[in-house]
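Thanks for coming. I will go through one structure today, starting with some strands and then turning to the pockets.

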Amino acid sequence: MRVSELMTKVVACVRCNDPCGVAAKLMWDCDCGAVPVVDEGERVVGMITDRDICMAAWSRDSAPSAIRTGDVMSRQLYFCSPGDGVGLAENLMRSHQIRRIPVLDGERRLAGILSLADIARAGGRADPRSTGSEVAPMQVASTLANICQPAPVRIVNAAS
């Protein structure tokens, strides 16, 4: 199964100079937890999540409208192409503990977004006896379990 078969094709996005409040409103309106960040050439340069916005507002004691999206977005971008197999996308999600990945064309422009929920819905429709290119429900469960693993706790000594 190809990413293009499962991805969401109409995706809201923001620009680096947009206030985080714009990204938060888009997430609320679109019922999603992350949006891609694009540059002036419409190339994806990062992702911003609802958690990024909350933690930035809390740590800076500022309103989301006072924080630029580009200042708090994730610049480390993991992505796939529409023609990639869903297994490749799922491996990216599993290995980097991410729930959503942008789907980009050859020029890094947004073609869609693929979420773990998209893959899980496909897994729920899969025939468990199938050995074809369907999404295996146990693979989805394994990916979700890996993504949900807590990050190692780093203890920082304030006296050092």
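Two strands count as paired if DSSP finds at least two bridges between them; strands themselves are DSSP runs of E, at least two residues, and helices are runs of H or I, at least four, both numbered from the N terminus. What you see is a predicted model, in which local features need pLDDT of at least 70 and side-chain atom pairs count only at pLDDT 80 or more, while totals for chains, interfaces and linings use all residues. Residues are numbered from 1 along each chain as its sequence is written, and side-chain values use heavy atoms, with hydrogens and water left out.

Start with strand 2. It runs antiparallel to strand 3, and five bridges join the two. Within that pairing, Pro36 stands opposite Met47 of strand 3. The two strands form a hairpin with five residues between them, and Glu42 in the turn has a positive phi of about 65°. Strand 2 also pairs with strand 1, residues 14-15, in the parallel sense over two bridges; there, Arg15 has Val38 as its bridge partner.

Next, Thr49, which sits in strand 3. Thr49 is partly exposed, because its relative accessible area is 21%. Leaving aside residues up to four places away in sequence, Thr49 touches Met27, Gly33 and Ala34, where contact means heavy atoms within 4.5 Å. Met27 is 22 residues from Thr49 in sequence, with 8.5 Å between their C-alpha atoms.

Now the pockets. On a 1 Å grid over the protein atoms alone, a pocket is an open set of points where a 1.4 Å probe fits, with protein on both sides within 12 Å along at least five of seven lines; lining residues have an atom within 4 Å of a point.

The largest pocket is lined by 16 residues, and Thr49 is among those nearest its centre, with Ser74, Gln97, Ile98 and Arg100. Strand 3 (44-49), helix 3 (50-60) and strand 4 (100-104) each give two or more residues to that lining.

The second largest pocket has 15 lining residues, with Cys30, Asp31, Cys32, Ala34 and Ile113 nearest its centre. Strand 5 has the largest share, three residues.

Definitions and conventions
Buried means under 20% relative accessible area, exposed over 50%, partly exposed in between (1.4 Å probe, protein chains only).
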